[in-house]
Amino acid sequence: MREIPEDLFEIRGKRLGSRLFLGTGKYGDDALIPDVCAASGAEVITVALRRVDPDAHTGNVMDHIPRTMRLLPNTSGARTANEAVRIARLARAMGCGDWIKIEVIADNNYLLPDGYATVRATETLAAEGFVVLPYVNADLYVARDLVSAGAAAVMPLGAPIGTNRGLQTREMIRILIEEIDLPIIVDAGLGLPSHACEAMEMGADAVLVNTAIATANDPVTMARAFGEAVRAGRLGFLAGPGAQRMRADASSPLTGFLGGDGA
Amino acid sequence: MSFAEVMNAYAGLDIAKAIQGCQRQDVIRALNKDRLRPEDLLALLSPAAGNMLEDLARRAAQVTLRQFGRAVQLFTPLYVSDFCVNRCLYCGFNAAQAGPRRQLSLDEVRAEAEALAATDLKQVLLLTGDARHKATLEYLEGCLGVLRGYFPSLILEIYALTTQEYVRLIAAGAEGLTIYQETYDQDRYARLHPSGPKRDYAFRLDAPERGCAAGMRWVNVSALYGLGDWRLDAFWTAMHARWLQDRYPGTEIGLSLPRMRPHAGGWQPDEPVSDRVLTQILLAQRLYLPRAGITLSTRESPTMRENLLPLGVTRLSAGVSTSVGGHGATKTGTPQFEVADNRSVAEIAAMLRGRGFQPVFKDWQPF
């Protein structure tokens with residue numbers, strides 16, 4: 001079989017072998033996390049710092065994250081840029097590394113991110129040497145500001161967090177993929193492996209999936225399904241799909257009588 | 001603007017009659033919507049919906065799983081003072097009740113905190129009666145100061161305060177506020193609260209909003225079901241919560257499901273709220289407010305709590321004492337209400353794990 005050329009994916013010089021990122025929320029039992037990681041093939045996992053309790057005797061989500069995974073702490077719960085910055089600094093002080101996913105959400109009804117506050121937090125943290133992955137609406141202006149602010153990637157939402165509605169922001173994400181010269185990681189709203197596959201086929205660099213895996217009847221099998229869907233979607237993108245047509249091609253071309261290439 | 005204006009806008013509508021008039025197809029329509037309107041809430045609280053609880057339950061379980069996953073926050077109340085000047089006819093702390101009253105010294109609060117911290121809980125609900133001259137604002141600041149050293153999340157369940165007073169207690173470490181209107185029926189409210197500052201219906205009604213305006217991260221509202229017509233109280237509670245959500249999107253608005261339990265005063269509800277009714281209230285409110293956390297206290301039996309969990313409950317108390325000084329080595333006061341689920345924190349956590357839920361101890365800390 002012909003070998004497929006190596007498909008490099010890097011964030012700030014860190015090479016990643018999988019384009020699926022995982023979350024740690026909503027599991028019935030955090031002890032599932034190692035099997036979910038293994039089944040999905042993912043290498044990056046995000047964790048809400050607000051739930052981390054290093055002193056807990058009751059179990060700590062960090063105890064279940066395999067050491068081989070790259071930790072992406074997130075600022076979930078932050079309502080302002082300042083809160084996000086303080087959470088990020090605490091994450092680093094706790095030894096969670098320099099990667100940080102910025103979430104600033106001041107609307108509990110739809111859990112939509114505040115783009116302005118996210119840009120401000122990104123600016124501050126990037127200047128402090130963090131590798132900042134901001135979660136935002138699929139908005140070109142916000143994405144451009146994030147590039148200027150020093151973000152390492154842009155994480156637009158496919159649909160509001162936890163809704164499992166798929167790529168509702170498809171056209172806006174397509175614009176980000178075309179215009180923004182940073183990895184585009186579709187985060188939130190992907191409810192089915194086919195949604196993740198579609199994002200990858202469009203040319204997204206990666207996806208982050210939590211609710212759809214954590215709340216599945218069988219999270220481990222769902223994690224594997226997402227892993228395979230992401231690989232399939234990526235290959236589909238790399239292969240360069242044929243142009244889509246609205247109608248079937250006429251089997252007998254109407255201009256065949258002209259001969260030559262035009263036929 | 002006050003929620004009272006929203007209530008006034010409905011003054012011309014006989015809500016009880018509207019609820020009774022809802023038909024099966026109104027319930028089905030509500031079940032097929034993503035964002036429910038007030039008329040859908042009426043349908044879900046109707047007798048027609050009461051005959052369709054299984055349909056409501058299936059949808060509510062789905063919505064809850066998607067929004068909250070399988071995580072359940074654990075907390076416990078800490079009663080620090082049972083002095084009270086109100087005469088709420090249904091309450092064990094009623095000023096007319098004989099018997100000694102007690103308020104913990106800050107050293108005693110520390111002893112309670114140490115005992116509670118040993119159970120691994122990280123969220124504590126600080127409770128007092130309504131006696132400003134005893135449980136003063138300075139005293140509450142002192143309590144919060146002590147508790148802050150042990151728990152990352154502190155919630156108030158105390159007498160209604162002004163916005164500025166809430167601001168002070170937030171600065172002292174309060175993250176959230178629980179305050180129940182008890183009943184939204186004004187006449188019934190006046191009869192049940194014959195004297196004391198709590199008699200002021202409007203001041204109480206606006207307290208959750210003042211908490212939001214002051215900057216609370218989390219505000220929990222409810223009626224105490226059984227005091228008034230449960231359908232109306234469930235309706236107004238959910239309407240109140242939605243109104244707060246819309247006005248204060250940065251504050252997380254939660255609900256509780258307290259129903260009357262027997263207590264020392266012997267007051268019994270006119271219309272007891274059956275298990276079936278409590279279940280319908282939970283389901284209707286869950287569907288109307290898919291993002292609201294819902295708390296179920298130890299007023300409920302272990303069986304009831306376990307069965308209601310997957311239908312929308314996201315927060316459980318554990319290791320509960322409803323008496324002042326109930327956790328430490330100090331002497332204990334009279335309970336506010338009888339606890340129907342006496343299980344320890346470890347037992348509740350084990351029950352949750354056994355049922356496929358993850359007990360969440362810490363969900364926030366001041367950053």
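The largest cavity of this predicted model holds about 650 Å³ of space, where a cavity is a set of points, on a 1 Å grid over the protein atoms alone, at which a 1.4 Å probe fits but cannot get out, and a volume is the space filled by probe spheres set on points joined across faces, edges and corners. In total, two cavities of 30 Å³ or more are found in a search of the whole structure. Because the model is predicted, local features need pLDDT of at least 70 and side-chain atom pairs pLDDT 80 or more, whereas totals for chains, interfaces and linings use all residues. Residues are numbered from 1 along each chain as its sequence is written, chains are lettered from A in the order in which they are written, and side-chain values use heavy atoms, without hydrogens and water.

The lining of the largest cavity, counted as residues with an atom within 4 Å of a point, comprises 43 residues, and Leu127(B), Glu157(B), Tyr180(B), Arg299(B) and Gln336(B) lie nearest its centre. Two or more lining residues each come from β1 (71–81), β2 (123–128), β4 (176–182) and β8 (315–317) of chain B, strands being DSSP runs of E of at least two residues, numbered from the N terminus. The largest share, four residues, belongs to β4(B).

The second largest cavity, with a volume of about 30 Å³, is lined by residues including Ile179(B), Tyr180(B), Gln181(B), Arg204(B) and His240(B). Here β4 and β5 (218–223) of chain B give two or more residues to the lining, and β4(B) again provides the largest share, with three residues.

Notes
1 Å grid on protein atoms, 1.4 Å probe; cavity = no way out; pocket = protein on both sides within 12 Å on 5 of 7 lines; lining within 4 Å.
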